Structures are given as C-alpha cells and as structure tokens.
Amino acid sequence: MRIFEISRSQVSEHASLAPLAVPGACSAASYLWISLTRDEFRAAQPEVQQILQTLCQTQLVDLHVADLLNDQLPSHYDYTSKYDVLVFRRLATGNGAETNNSSEPSVPQRPSRGGPPVLRRIDTRPVGFAVFDRVLLSVHPEDGTVRDAFAARLLAAASSDDRGTPALDVRATSARLPTSPADLMLRIVNLIVDGYLDMRRELTKQLDHWQTELIDPRSRFTNWSALMEARQSLHRLDEICEDQRAAMQDWIDSLETLPTPQGEVAQRERELIMVRSRDVLEHIQRVVHHVHRLEQNAETAVQMHFSVQGHRANDIMRVLTALTAIFLPLNLIAGIFGMNFEFIPLVHKADGFWIAMSAMLVIAVVLVVVFWRKRYLARTR
C-alpha cells in the first residue's frame, strides 16, 4: 500500500489511510494517489470508500469494486457521472519488460528446450484505475512492480523540482508533476505500454532465428510444436493489445464528449490530457502493428520453408531422372546382348566385348554432356 498526496510543486507520501478520511486532511490544491494490491483493497475497502466520500462526495459502485478485484478481467473502460474506471493489462513479472523498468537488475532468463522463452511466457495481469476529480485509485497485482517503478520516478521528479534542477525528461509535459488524477493515470498506462514496446527486440530476435533455420536448405526443422506455441502467443498478444486499444479509444471518446472547461489553464490541461491519451493510443497501435508484422513474417518463413523443401525435392528428382535416362540405353544394350540367341552380332568376335563397352561409354558420355548443357545435372545454389 502506497498513498501519495500530489500538488503542482511537491509530493508527500502517507503511511496509512485512516488520517485521510478526516475532512480537511487533504489540501484543496492537491489530490491523492491511492495504490493498493488486490488483497489490500479487499481488506481496506471501507476506508477507501470513506475517503472517496469525503473528498469526492461519491463512492465506488459494487460492480466496479468487483471489476477492480477481478484478476482475469480484460482491458476495458467504463464510467459514471462522477468517475471513470479503466482496466489495463500489463506484463507479468518474468517477461523481461517490467523488471527492466524497476530499480532492481533483471535476471536473464534461461532458454527453454521447447522454444524461445519470450514467445512462450507472455503473461499479463490487470491493473485497475478509478479516476475521480481529486483521487486516483489504482489496484495492482501482488508484486506492484509498475506502481513502485512509477512511484520512484514521481519522487525523483518532485525532489528535482525542490532543488530547482531540471528533470531527466526533456519534454515539458513529462518534466512537470502530474497535474490531475487523469494525467497521473495516463502516465502509468504509458509506462505499461512501454513494457510491450520493449518486447519487440526480443520477439524479433527469436523469430529471426527461426526464420534463418526454416529457410536454410541444409537444416531439417523439427521444432514445429514450439513454433505453433509462438504463433498462439502472438495471437494472444494481439488480442490483449486490441482490448487495450479499444479501452483507450473509449476513454478518448468520453473525453471528447465532456463540455469545454472554462479558463485558459483548464483548457490547457484538457489539451495535454488529450495529447497524452492519443500518444498512449499510438504506442498501442505500434505494438499491434509490430505483432501483425511478426505474424506475417512467421507465415512467410513457413511458406518459404516448404517452398525450399519442394525446390530441393525437385532438384533431387531432376538429377535422378537424368541419371536414369543415362543408364537406360546402357541397359538396353546389355539386354540385347544378354538374349539367348545363337547368332548375335559381335558375340563370337574376340573384340566384341570391347566394342560394346566402348559404344556404351560413348553413349553415356554424350548423354552426360547433353544433360549438363541443358543443366539437368547442374547444382542449384
């Protein structure tokens, strides 16, 4: 459980929920980020509802509470007149994407015997967000990797602002602290989507290895079960990203239906939220496009594999046919002189054997030269 009170200039972390339920405990110019795991949210649900009632004059409905507690829920978006609910699936720990965003060093995975580990271990967990005017409630899996990674960034940005030093990110919209719960939620979602973008290099490396093995005519590819599992993983990743894109598109459509805020500052904040929402949507579309391209590359590699094998079989059959055609006249001559007739030319001559062998050799050499000129015996590179 981590609770942050965020204003435009500072970030403070609270140790518990109980003091925040008192009216006036939170400043009017700040908002709260309450991040809990599912078990913590299930245990602290009355305190959370009391804080929401105090700060936002509303509470989570039962169906949205059930959605936030559901560990199998796909990415989707829902809303009420008081708050919005967004569920976004992120990569589970062990896929190499989340651990790279945290402060702890990632442990390299051991390659599995059945196939590449990245393609076979694409697993996701839902992260739920409830966006209020003054509260962002986020419900995470038990590891809370994304929450801790973004909390470290948030505290680092706040400390840099206090010292008067610029943040590491040169973009003006990211150098400042989040101005609202919606802005904070979009930044966390952007961190989740970046984990999928980081997978592209590993996915491409693994599939390129298989493509090289499939296209090589001297290798006999037998790892078809791992390849099928990889294709199923890509299809599942495509479905996950499609759900994410649909949820984010619904969020953007909901923002566009809201009335235009009054004041230049409020309009500017709305525009920044729209820009950040479209940026997250564009990142998701990039992941979907890359997954589609990987699927097409895998399909093309399989088709090229069978084409290469078919071409190799055709070369072998062409060579065998040419050799058969060379030996057919020789078999004919041997069959003629093997007949049980008493009077056969050259049979009773002393040099008849050498004449027949010379004729057979000349015929064989002529046929080899003819077939070589026609490239029936040429080796295809």
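The lining of the largest pocket divides into 14 nonpolar, seven polar and seven charged residues, where Ala, Val, Leu, Ile, Met, Phe, Trp, Tyr, Cys and Pro count as nonpolar, Asp, Glu, Lys and Arg as charged, and the others, Gly among them, as polar. This is a predicted model, in which local features need pLDDT of at least 70 and side-chain atom pairs count only at pLDDT 80 or more, while totals for chains, interfaces and linings use all residues. Residues are numbered from 1 along each chain as its sequence is written, and side-chain values use heavy atoms, with hydrogens and water left out.

The largest pocket holds about 670 Å³ of space. On a 1 Å grid over the protein atoms alone, a pocket is an open set of points with protein on both sides within 12 Å along at least five of seven lines, whereas a cavity is a set of points where a 1.4 Å probe fits but cannot get out; lining residues have an atom within 4 Å of a point. Grid points are joined across faces, edges and corners, and a volume is the space filled by probe spheres set on the points. Of the 28 residues that line the largest pocket, D84, F132, D133, L258 and R270 are the closest to its centre. The largest share of this lining, four residues, comes from α10; helices here are DSSP runs of H or I with at least four residues, and strands are runs of E with at least two, numbered from the N terminus.

Which element gives the most to the lining of the largest cavity? Here α10 gives the most, again with four residues. The largest cavity has a volume of about 90 Å³, and of its ten lining residues the closest to the centre are R176, T179, D183, R187 and L272. By class, this lining has three nonpolar, two polar and five charged residues.

Helix α10 (residues 264–337) also packs with helix α9 (residues 224–257) at an angle of about 160 degrees, with their axes 9 Å apart; axes are lines fitted to C-alpha atoms over the stretch in contact, and angles run from 0 to 180 degrees between N-to-C directions. The two helices, α9 and α10, are therefore roughly antiparallel to each other, a term for angles over 145 degrees.

Finally, the structure holds nine salt bridges, each a side-chain nitrogen of Lys or Arg within 4 Å of a carboxyl oxygen of Asp or Glu. In one of them, the side chains of R38 and D71 meet at 3.8 Å, N to O. Because R38 lies in helix α1 (residues 38–43) and D71 in the loop between α3 (62–69) and β4 (76–79), the pair ties together parts that are 33 residues apart in sequence.

Technical notes:
Parallel < 35°, antiparallel > 145°, perpendicular 65-115°, else oblique.
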